[in-house]
Amino acid sequence: RGFTAAGVLAAHKITASSPDTDLPTVSGLRKMGVNFTVSNKDTVKSSDVLFLAVKPPIIPFILEEVGPDIEARHIVVSCAAGVTISSIEKKLSTFCPTPKVIRCMTNTPVIVREGATVYATGTHADVEDGKLLEQLMASVGFCTEVEEDLIDAVTGLSGSGPAYAFTALDALADGGVKMGLPRRLAVRLGAQALLGAAKMLLESEQHPGQLKDNVCSPGGATIHALHFLESGGFRSLLINAVEASCIRTRELQHLADQEKISPAAIKKTLLDKVKLESPSLSVESASKVSLFTNKSKKN
Amino acid sequence: GAWPRGAMEASELWVGFVGAGRMAGGLVRGLLQAGKVPASNVLASAPSNKNLDAWRELGCRTTHCNLEVVQRSTLVFLATKPHILPGVLEEIRPAVGAHHIVVSLVAGVTIQTLQRLLPPWTKVLRIMPNLPCVVQAGAMVFSRGSNAGDEEAALLQSLLSSCGLCEEVPESYIDIHTGLSGSGVAYVYLFAEALAEGAVKMGMPGALASRIAAQTLLGAAKMLLETGEHPAKLRGDVCTPGGTTIYALHQLEKGALRATVMDAVEAATNRACDMAKD
């Protein structure tokens, strides 16, 4: 949606595949004029840049499936949280000697062209390949290259970030409603306040602490409110959130490396089922990821 | 009698202190260290010799008579305990003249009260210092009463800059200054102690830890004052990604340190206001 809105890519030049044709996103894509198929292989064959947008545990199986069709020209872009470049290259190298792999982490506001995207290039991806991706992703927001080992942290911050913002906005709106505002107006004003603040920060040389001070007149309303936020440990909650998301991403990576989903479950091709049976329910250690391992192992 | 204007020169100034406690002692040490006033020009009064011995050691003159201090000084600092002040003012009132500059250090006593208890022509100023005036690193704010003019304010500022930061403010800021900096010094001592304790827990000897803690605070404060940068920016400069500092700061944020400190400043300020009302 972002690419077509930005005009960098015509819908008919985009192919998407999914086993489940009943997903609401599928009909949305079709309406946009995107070519839709149930065959992953067809998608690969008709693309130069291939975005892998499946859930992380599925990636290894997808790579096995489409591996034979990957050619030197393909740029394989994985958006899967926690899936490393080396794991993808390893899987693909059995089919293609020098697969071009780029790992990418973006976020949902690409829909409104205000995404935050980072990418890391793999062993065989050229500078131009990275730049091509950057050009594409920059059309839908901010995009920059990073070292791969930072991607988990990016996930924690800007990957999950919109969810933190939505939560904050919901609560801010509640505050507004409590103090007498109609809900719609409260939501609108809250969102605009955050949008405006973010814009000020991005366009300013100043530190956010300084910008905060600029809003706080002595003894005024804002500083009183901020004191409440501080008392509640607002800052530490946000730090905790970014940390938790980053750590969870690493766990998912670890689980993906274990490849604990049974091929049978994949073949049933219902992502819901996979979600239910996903080892993500149990996170303490690899040995506890038990659903598909030897039953004699203790949990 | 009236003094010629030339006598406003600090070096020719006769400075008196009614009350010779810790705060007054801090101020006079600062003044003397900076060479603003010769010790022999300083006269201090106190009921007992307990504090006065230290003043004599500095070279100051001492007395037990408050009236004498007023009679022999131009610049008179009032440094008694709050509940004693009204009685003292009544005592010295007869000797207070138009040439006098009366500066009150007394916590919680407003300019309004001072002016009420002194002759109507009196030049009154109110100052709130803090303890590090003793080492010439104090933070002081002062306000002027109705008859105190630019000259008196300038004199006070010039004299007391020798003790640290000295700024004129509206009187309403004085209680806030108490909460921030008067009492604030104690918050810093607490923080220094805790820092050192952390280090001791991790295996460093206490004396060394304490010296380093103090130097850390000194250094950080110096950078703040000299760079003029926002503390948040300086904090960010110290935090390398994934490094030790950000881990530690996270702990501080978890403990809601910021809010606690704000609470402390608020509590002390409110207490100062309440005490002033008593």
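**Two chains, a few questions**

N40(A) lies in helix α3 (residues 40-45) of chain A, where helices (H or I, at least four residues) and strands (E, at least two) are DSSP runs numbered from the N terminus. This is a predicted model, where local features need pLDDT of at least 70 and side-chain atom pairs pLDDT 80 or more, while totals for chains, interfaces and linings use all residues. Residues are numbered from 1 along each chain as its sequence is written, chains are lettered from A and ligands numbered from 1 in the order written, and side-chain values use heavy atoms, leaving out hydrogens and water.

User: Is N40(A) buried or exposed?
Analyst: Let's start with the cut-offs: buried means under 20% relative accessible area, exposed over 50%, and partly exposed in between (1.4 Å probe, protein chains only). N40(A) has 15% relative accessibility, so it counts as buried.

User: Which side chain does N40(A) join in a polar contact of 2.8 Å?
Analyst: A polar contact is a pair of N or O atoms within 3.5 Å; within protein, one must be able to donate a hydrogen and the other to accept it, and residues adjacent in sequence count only if both atoms are side-chain atoms. Leaving aside neighbours within four places in sequence, N40(A) is in contact (heavy atoms within 4.5 Å) with I62(A), E65(A) and V66(A), among others. The partner in that 2.8 Å polar contact is S17(A).

User: How many residues apart in sequence are the parts that D126(A) and K100(A) tie together?
Analyst: These two form a salt bridge, with the closest N and O atoms 3.1 Å apart; that term means a side-chain nitrogen of Lys or Arg within 4 Å of a carboxyl oxygen of Asp or Glu. K100(A) is buried at 16% relative accessibility, whereas D126(A) is partly exposed at 35%. D126(A) sits in the loop between β6 (115-121) and α6 (127-138) and K100(A) in strand β5 (residues 100-105), so the pair ties together parts whose separation in sequence is 26 residues.

User: What area do chain A and chain B bury between them?
Analyst: Buried area is the accessible area (1.4 Å probe) that two parts lose on being put together, summed over both. Here 14 residues of chain A touch 13 of chain B, and 62% of the buried area is on carbon and sulfur atoms. The total is about 1200 Å².

User: Which element gives the most to the side of chain A that touches chain B?
Analyst: Between the chains there are 0 salt bridges but 7 residue pairs in polar contact, both at pLDDT 80 or more. On chain A's side, α10 (208-215), α11 (221-231) and α12 (234-258) each give two or more residues. With 5 residues, the top contributor is α12(A).
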